[in-house]
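The following paragraphs lead the reader through selected features of a structural model. The sequence and the coordinates should be kept at hand while reading.

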Amino acid sequence: MIRYYIIKKLGINIVSTANIRSLSTVILFAFLFASNVYTQSVPNYSETIYLHTDRDYYISGENLLFKAYLTFNTTEPVKSKILYVEIVGLNASISHKKAFHIRENAVEGVFTIPDSIASGSFILRAYTNWHLNFDNRYAFYKELIIINRFGQYGKLLDIDPKLQEVKYDKNTVHDEPISVTIKKDSLYLRLIQPPEKNRSMYSVEIMSEGEIIANKYVSQDSDSIYLGFSKRELPMGNLLIRLKEDSKLKACRWVYNDFLPYELSLETDKLRYKTRQLVKLTVQLSGSISEITTSDLSATVIVLPKEEILKEKVDIKKWMNSLSEIPEEERSGNNIHTVLASLGDCELFYDEVKDFKLKYPIEFAGKIISGKVINKRTGNIVSGAKVFFSFKDAVPYLDYDLTDSSGKFYINIPPSLTNLTGFVQIWDAPMDINECEINLFEQEYNAINLPTPPVFDAEFLKDVYAPNIKAFEVNELFSENWFNPKNSSVSSKKHPIYEGHSNTINPKDFVKLNNFAEIVKEILPGVKMETDEQGIGLRIMDEFHGSYYNDAPLVFINGMPIKNYNYLSALNSDDILSIDVVRKYFVVGNIIFHGVLAIELKKELNLDYLNEKAFYSVDSKVDSEMYSFRYPNYETDAALNSRKPDFRNTIYWEPQISLVGNKAEISFYTSDMQGDYRIQIEGLIDNIYPVTVSKKFSVINNL
Amino acid sequence: MVNEINRLINVALSCLFILVITNKTKAQDEQSFRLTSKPIGVIYQKNRSQKGNEFLFDKWNKGEIILSDGQKVNNIELNFNAYSNDLLYAIKGNTAVVVSKIQYKGFKIYTENRRRNFALISDSIFNNSLQEPIILEVLHEGKIKAYADRKFRINYNLMKNNPFGQSVYYSEDSYYVIIEGELISSPRTIRSYYKFYNKSSIKQIIKSNDLNLKVEEELLSFLAILDTWVVERQL
């Protein structure tokens with residue numbers, strides 16, 4: 001019967017008396033095979049980051065202002081929504097790290113340099129979770145000089161030989177059948193193994209972003225083939241050249257097209273200025289202006305130090321071009337397809353989909369907290385455990401995940417909850433939860449191949465930047481804040497997850513009650529508290545049916561869900577600010593809770609008193625403040641003659657400049673510092689094309 | 001004996017077949033469930049003393065919820081409680097969850113005929129004393145915005161005496177039209193639009209198309225035409 005059932009369901013007509021068991025087995029294996037070939041589709045995706053900072057040198061305690069540009073080399077937005085910025089010291093120790101929200105492919109952020117940092121050179125590094133899956137070569141990094149103004153100049157450290165920069169020898173001969181060069185703006189292909197005589201057709205394909213954009217048939221005896229494309233005709237960025245012989249792929253090669261259709265120029269209204277004088281700039285873009293859809297630029301004007309120690313200036317154009325110089329020894333990248341290609345077989349990645357698992361998932365909405373649950377004694381992973389996430393001393397919020405077959409969990413923190421300390425705890429598990437523990441995954445970059453910043457004598461640094469240190473200290477005496485958070489328009493109203501379904505009781509509206517049992521009995525309608533051998537039990541009455549639920553409710557104290565209610569017994573009216581009661585079945589995802597009780601205490605919650613060792617603090621803070629840079633205005637005589645000194649090191653910072661037509665006008669006042677100033681403006685056009693311009697001018701009082 | 005073995009093998013294979021398919025489906029569901037905001041709300045409990053259907057749609061239709069952070073929860077069965085102004089989604093057969101308003105900014109329901117768009121509006125322009133956000137159906141969104149408040153009210157006479165078990169709910173839709181940030185006082189009367197556009201042009205459109213603004217579809221056609229015009233505030 002079953003045989004016929006299977007066959008009828010599959011719609012197969014058997015006309016012969018063939019072995020039906022064999023047929024069923026074949027069909028079953030066909031389905032099994034189809035199911036297991038469900039592979040994760042590999043996105044043709046990459047992320048490039050560039051940070052435009054206001055300066056390259058800082059004094060401890062100052063604010064590092066930056067604008068991060070993120071691009072996917074198309075007009076499409078990048079998927080990542082969280083950017084990590086860190087300052088890395090000489091011995092690869094991370095001295096300061098912060099997370100920022102990415103908005104519309106950019107971050108305008110502030111990084112306060114800690115006062116405790118010792119003088120020296122550092123690396124400023126920026127990356128997203130995407131980059132953590134690959135070699136750190138593609139994260140953004142630049143060198144900084146930081147001076148400690150308290151005289152804590154630090155010691156010179158021995159350089160770890162492993163951290164020496166890897167040198168790339170461009171003259172090395174590689175065992176590649178083809179090479180591609182760009183000469184005088186045109187593409188040339190050279191066959192290192194020349195073709196045999198009377199060879200037939202070769203076809204050459206040029207691919208960009210996974211699509212063939214051009215191809216050409218060539219039939220030639222010489223080893224050098226002129227492809228006939230100029231840089232202008234091909235898209236900017238990485239191009240893949242594939243050589244096929246009789247339709248079979250013979251070889252492939254990457255080449256980087258650095259042609260940029262746009263150029264920025266900058267004009268000041270004068271060559272030299274006095275102190276506290278107005279400077280007017282005109283920024284102009286040349287190129288195919290009519291095709292521009294977006295322009296996103298940032299500008300900084302700084303007072304240059306007495307001597308510029310960092311000779312190599314990084315700008316957005318140089319940075320993006322440098323990403324194309326992939327040393328042959330490091331065959332990797334931050335693009336899955338380049339990684340796969342580096343495995344040797346370039347036929348694979350555009351013709352087949354490979355199962356490539358990302359260790360660090362893309363943070364496409366908010367910060368992701370991840371880790372795994374393990375058995376404390378045996379070290380084995382625990383799958384099927386419920387891990388709850390919430391914030392302490394905050395509005396009640398709850399999210400959860402079930403650990404998978406490898407014991408891992410992933411929880412996404414919503415972008416609206418940023419400056420709060422989060423906690424994870426094991427709520428439930430297939431075994432005793434006291435036997436389980438959580439190992440959190442720290443997002444860390446390996447230190448290997450990080451370029452070693454140049455080492456300087458600390459005393460030498462002090463001499464070079466002495467006027468700037470003095471300027472900063474003078475400014476500090478006058479508590480003028482050059483830098484302010486913008487007024488946040490976000491309402492401070494609290495939104496617990498059960499909003500709209502609760503009744504709130506404030507104990508201060510009643511007589512003082514000495515313990516929680518009295519509070520429940522006297523002022524919490526629909527709640528009952530029982531004490532037995534196992535401790536305190538709570539039940540909530542359904543507001544519709546008038547009967548108590550059989551199971552315990554979800555109880556929050558200061559935003560943290562707790563299971564052990566013994567802590568409650570000692571609370572009295574003076575400890576409690578408010579109690580919210582939800583007398584309905586409350587649903588979070590797949591979990592149904594039998595009512596909710598949320599207690600807000602007047603003081604911070606002390607986790608030690610809960611006897612709950614299973615709370616793990618997580619790094620959940622993400623900066624999303626908007627800041628404004630204030631410029632003094634010396635338009636009036638009173639302001640011009642004011643005795644308040646103006647020794648700012650950063651004279652002007654504007655992270656959002658959009659061109660109107662092909663121009664933008666900028667103006668600002670010089671400070672009281674005499675010397676050389678530098679203007680630097682850079683950014684992206686159409687979210688793809690980097691542009692940069694820089695200019696110096698002098699400020700002298702006696703003109 | 002051989003027949004018996006064959007039979008057992010076939011049974012085992014069938015069970016395995018079913019297990020593979022359901023496990024794969026479950027694994028895919030869990031994978032898509034992770035890292036997305038989970039719907040939060042309370043289980044809906046119907047007030048049995050009120051006869052009738054408080055939901056806007058007779059059937060529960062597939063739709064999507066657009067969460068506050070822009071993520072979408074797709075392919076779930078939704079309905080709109082027009083009496084309490086709540087969005088609900090169905091889980092496990094007869095159980096429905098009222099989704100918390102803090103979680104979403106809109107939702108779409110795909111009925112047989114068309115897609116219905118709803119948005120959670122908190123703008124005080126709609127009601128000077130708007131205490132909390134309200135769900136409105138989005139009828140038109142161009143330069144002119146038009147919304148419908150799909151509201152059910154209760155006939156209290158039927159609550160007291162209802163021998164035939166009629167539905168106590170009756171529908172009372174109201175409409176909101178916004179032109180250049182200003183709320184139109186009576187969007188279904190022609191005179192309301194004279195302030196923004198030329199009077200004779202409006203009359204011409206109404207006459208030539210034979211439009212009755214009291215009919216929702218005709219009101220929308222009228223607004224679609226106005227949306228192509230430039231606002232010329234009349235003194």
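What share of the 235 residues in chain B is buried? In this predicted model, buried residues account for 41% of chain B. The secondary structure of chain B consists of 4 helices and 13 strands. Among the contacts in chain B with a separation of 6 or more, 52% are made by residues 24 or more positions apart. The accessible surface of chain B amounts to about 13,400 Å², and carbon and sulfur atoms contribute 50% of that area.

In chain A, attention may turn to an open sheet of 4 strands, arranged in the order β22-β21-β24-β34 with antiparallel pairing. Its edges are formed by β22 (399-402) and β34 (616-618) of chain A, each of which pairs on one side only. On average, and with direction ignored, neighbouring strands of this sheet are turned by 30° against each other. Within the sheet, strand β21 (residues 386-391) and strand β24 (residues 422-428) of chain A run antiparallel and are joined by 6 bridges. F388(A), for instance, has Q425(A) in β24(A) as its bridge partner.

Is S80(A) buried or exposed? Because its relative accessibility is 0%, S80(A) counts as buried, the cut-off being under 20%. The side chain of S80(A) forms a polar contact of 2.7 Å with the side chain of E47(A). Beyond its neighbours within four places in sequence, S80(A) is in contact with residues including Y45(A), I102(A), T128(A), W130(A) and I362(A).

Conventions: Residues numbered from 1 in each chain as written. Chains lettered and ligands numbered in written order. Predicted model: local features only at pLDDT ≥ 70, side-chain atom pairs only at ≥ 80, totals over all residues. Heavy atoms only, no water. Pairing = 2+ DSSP bridges. Helix = DSSP H or I, 4+ residues; strand = E, 2+ residues; numbered from the N terminus. Axes fitted to C-alpha atoms, helices over the stretch in contact; angles between N-to-C directions. Buried < 20%, exposed > 50% of the residue type's maximum accessible area, 1.4 Å probe, protein only. Polar contact = N/O pair within 3.5 Å; in protein donor to acceptor, adjacent residues only side chain to side chain. Contact = heavy atoms within 4.5 Å. Areas by Shrake-Rupley, 256 points an atom, 1.4 Å probe, with all protein chains shown as cover.
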